Amino acid sequence: MTDEIEWWDYEDAAEMAGALAGDIQFIIESAIEARGAAVIALSGGKTPIPVYEKLAQAKLDWKRVTIVPADERIVPLGDPLSNVTMIGKIFLPKGARVMPIVPQATSDYKAAGRSADALMQELHWPLDLVLLGMGGDGHTASIFPGPDFDEALNGPKERRALGVMPDPLPPEAPVARVTLSRAGIVSARSIMIAISGPAKKMVLEDAIKEGASSPYPIGRVLADVELPIDIHWSEQ
């Protein structure tokens, strides 16, 4: 699997944003040319925001682009913790279709996951791109250790998304989540990862080496993936 991974290193976030936005633009253009539309999943967090702002400047047929969050916190739309709210602010003005996968907050995270999966099933699969981030603890999308960890990694291949309850809850966002499943992620036509800082690079390198035995969720997600994966890393 490590033979299928290519690292791209940048000095700072601005340099990475320009390069990564260009790569995503190419994927979108290729999908529109081949199939008349593009469907991509984008991660939340702060690292990719400069990438999205740069990508939004691209001259694309945005009305043919559907964007879903790779994961979502179960909070109301408009909440500062909502990934789709952040993505929508950038891409809805361009004319893209930005699809919430958690239309309303609910205390039943399993039900939220089933609803999200039903919405995902309506999209064109495989996705043209999944752009992942990674937390300092090695989680990706919202695949965290907890009671739903095994289901997220090893659930039915036809399940695209599910509800998860991280354990422990991340202090910066102590809420249940909906996430793409491992099967949903690794079925994509393209997978990219964007991270920054030396500490995260070390975690990701270790996770890749450890593969299926890794204690880090991202190592388990990437284990045995046959698709080429581009990792974009900025030092700052």
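The model is predicted: local features need pLDDT of at least 70, side-chain atom pairs count only at pLDDT 80 or more, and totals for chains, interfaces and linings use all residues. Residues are numbered from 1 along each chain as its sequence is written, and side-chain values use heavy atoms, with hydrogens and water left out.

Seven strands form an open sheet in the order 1-10-9-6-2-3-5, with parallel pairing. Strands (E, at least two residues) and helices (H or I, at least four) are DSSP runs, numbered from the N terminus. Two strands pair if DSSP finds at least two bridges between them. Strand 1 and strand 5 are the edges, each pairing on one side only. Strand 1 runs parallel to strand 10, joined by six bridges. Glu6 has Asp230 in strand 10 as its bridge partner.

**Helices.** Contact means heavy atoms within 4.5 Å. Axes are lines fitted to C-alpha atoms, for helices over the stretch in contact; angles run from 0 to 180 degrees between N-to-C directions.

| Helix | Strands touched or crossed | Angle |
|---|---|---|
| Helix 3 (residues 83-91) | strand 2, strand 3, strand 5 | about 155° with strand 3 |

**Cores.** A nonpolar core is a set of buried Ala, Val, Leu, Ile, Met, Phe, Trp, Tyr and Cys residues joined through side-chain atoms within 4.5 Å. Buried means under 20% relative accessible area, exposed over 50%, partly exposed in between (1.4 Å probe, protein chains only). The largest core has 46 residues; Leu180, Ile185, Ile193 and Leu204 touch the most other members. Another core, of 33 residues, lies apart from it and includes Ile28 and Met86.

**Ser82.** Ser82 sits in the loop between strand 4 and helix 3. Ser82 counts as buried because its relative accessibility is 4%.
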